[in-house]
Structures are given as C-alpha cells and as structure tokens.
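Colleague: I would like to learn how to read a model like this one. Please take it feature by feature.

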Amino acid sequence: MKSAVLVFPGINRERDMARAFREVTGVEPIMVWHTETELPDVDVVAVPGGFSYGDYLRCGAIAARSPIIPALRAHAAAGRHVLGVCNGFQILTETGLLPGALMRNASLRFVCKEVRLRVDNAATAFTSAYAPGQVIRCPIAHGEGNYFADPETLAELEGEGRVVFRYCDAEGRITEAANPNGAVDGIAGIVNAAGNVLGMMPHPENLIEALQGGLDGRGIFESLARAA
Ligand SMILES: NC(=O)CC[C@H](N)C(=O)O
C-alpha cells in the first residue's frame with residue numbers, strides 16, 4: 001500500500017504517522033510539504049497531528065488554506081483514502097471534507113492521556129481489522145477536540161453509521177466520565193458520506209508497537225492495507 005503524509009509548519013506527529021505506515025505495511029510513505037500542489041500516486045494520504053501554524057485563529061484553519069489542499073480534495077473526490085488524526089481531523093473539518101467542528105475542550109485545558117474508544121463501525125476501510133463494538137486503548141493529546149455538529153448533521157452521521165469511534169469506559173459504555181473533551185455523544189472519529197475520509201482526535205499511530213505499550217492502533221493501518 002502506497003501512502004503519503006502531509007507536512008505543515010508546526011505539525012509534529014508526521015514522523016510518528018510515517019513510522020506507523022512503515023511498521024505496519026512495510027512501505028515507506030512519501031512526505032509531502034504543504035506548498036506542493038500535486039500529490040504522488042498513493043492509496044492513502046494522512047493528515048497528521050500537531051500544531052499547524054501554532055493553532056492561530058482555530059486549530060487547522062490556516063493549514064486548510066494551504067496550496068496542497070486542492071490536491072487533497074481531488075484525491076478524496078477520486079474515492080481514495082484520507083486519514084486525518086487530531087490536528088489532521090481539525091484540518092479536514094476546516095476544509096469541509098468532514099462535517100462539524102472541533103471546539104475547545106470543555107475543560108478549557110489541554111488533555112494528554114490514554115482513553116478507550118469503542119469501534120461503532122467496523123465496516124469501514126479504516127476499521128475492518130477491528131470487531132464491531134470492540135473497545136481499544138488510544139492516546140489523546142489535544143486542546144480542541146470537543147466535536148460539535150448541528151442536530152441535522154448529527155442525525156445524518158448517526159443514521160448512516162458514520163460515527164466510527166466513541167470515547168467509552170472499559171466496558172464500552174459511553175459515559176460523561178469517559179469523555180475527555182465534551183464531544184457531543186462521545187464522538188471521537190467520523191467518516192464522510194462516501195466512507196473514504198476518516199477524521200479522529202485520538203492518535204492510533206502512537207500505539208502500534210510493544211515499545212509504546214500496546215498494539216491497539218495497528219488496526220487502522222492494517223485495515224487500510226487490506227483496502228488498498
Ligand atoms: N496532537 C494534536 O494534533 C493537537 C491538535 C491541536 N493543536 C490541539 O491542541 O487541539
């Protein structure tokens with residue numbers, strides 16, 4: 001499976017993302033600087049986490065206006081896969097490739113810890129390696145992860161099974177205590193209507209080898225490799 005990782009000024013998780021693709025698929029991803037206007041011929045483009053443009057205006061707002069974005073839109077429009085993690089998810093909502101917005105955490109604090117996620121849709125190209133309803137561990141590190149969408153959008157997301165991950169407790173229950181940022185309905189990750197663009201706040205690329213304390217994040221990359 002061929003992949004590319006976008007790099008914006010202030011992004012700091014691009015190497016983690018590249019490592020995850022390399023470790024799981026055995027293929028080195030192509031790093032693409034934000035001033036490029038074309039993407040290489042790849043199956044997946046990852047938009048990694050970090051602090052693009054120092055989070056000025058809103059997280060992801062400036063990166064979403066970068067020269068590479070039209071090529072990302074074209075890649076998505078062609079039905080190819082796009083994976084946005086954390087700042088990458090924020091960038092995807094700012095481009096409109098995914099609906100809704102990521103607001104400041106309800107606590108107004110940056111939260112860095114491990115959470116649990118329930119896989120609410122295991123029938124996507126990003127989650128086929130997981131079992132439906134499986135509870136996985138995943139690290140988070142963000143200040144603006146409070147997912148919000150208007151009631152019509154939420155109804156559409158729920159009705160179409162497009163909420164892929166929710167914050168949950170160890171038993172898979174969606175509770176307020178298990179929700180680290182106040183996201184509506186515990187939403188941690190969603191896909192677009194076509195199912196080829198996924199955005200999620202947690203960092204699966206940081207739980208792919210024993211040295212990191214677990215392997216629960218590998219499923220995303222294994223699923224993408226299967227889908228390619
Ligand atoms: N790890 C990240 O990608 C953080 C995203 C963003 N800078 C935030 O704090 O919400």
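Modeller: Strand 6 (residues 111–119) and strand 7 are joined by eight bridges in the antiparallel sense. Strands pair here if DSSP finds at least two bridges between them. Strands (E, at least two residues) and helices (H or I, at least four) are DSSP runs, numbered from the N terminus. Residues are numbered from 1 along each chain as its sequence is written. The model is predicted: local features need pLDDT of at least 70, side-chain atom pairs count only at pLDDT 80 or more, and totals for chains, interfaces and linings use all residues.

Colleague: Which residue is the bridge partner of Lys113 in strand 7?

Modeller: Ile140 is the bridge partner of Lys113.

Colleague: In what order do the strands of the open sheet lie?

Modeller: The nine strands run 2-1-3-4-11-10-9-6-7, with mixed pairing. Strand 2 and strand 7 (135–142) are the edges, each pairing on one side only.

Colleague: And how do strand 1 and strand 2 pair?

Modeller: Strand 1 (residues 3–7) pairs with strand 2 (residues 30–33) in the parallel sense, over four bridges. Between them the chain passes through helix 1 (residues 14–25), and this β-α-β crossover is right-handed. That term means that, with the strands pointing away from the viewer, the path from the first strand over the helix to the second runs clockwise.

Colleague: How should I read the packing of two helices?

Modeller: Two packed helices are described by the angle between their axes and the distance between the axes. The axes of helix 1 and helix 5 come within 9 Å and cross at roughly 60°. Axes are lines fitted to C-alpha atoms, for helices over the stretch in contact, and angles run from 0 to 180 degrees between N-to-C directions. Ala20, Phe21, Val24 and Thr25 of helix 1 meet Arg218, Phe221, Glu222 and Ala225 of helix 5. Contact requires C-beta atoms, placed from the backbone, within 7 Å.

Colleague: Which residues does UniProt list for "active site"?

Modeller: The unreviewed UniProt entry lists Cys86, His203 and Glu205. They span 120 residues in sequence, but no two of their C-alpha atoms are more than 11.0 Å apart, so they gather at one spot. UniProt positions use the numbering given here, feature names are shortened, and annotations may be inferred rather than shown by experiment.

Colleague: Is Cys86 buried or exposed?

Modeller: Cys86 counts as buried, with 29 C-beta neighbours inside 10 Å. The cut-offs are 20 or more other C-beta atoms within 10 Å for buried, 12 or fewer for exposed, and partly exposed in between, with C-beta atoms placed from the backbone.

How values were computed: Two residues are in contact if their C-beta atoms, placed from the backbone, lie within 7 Å.
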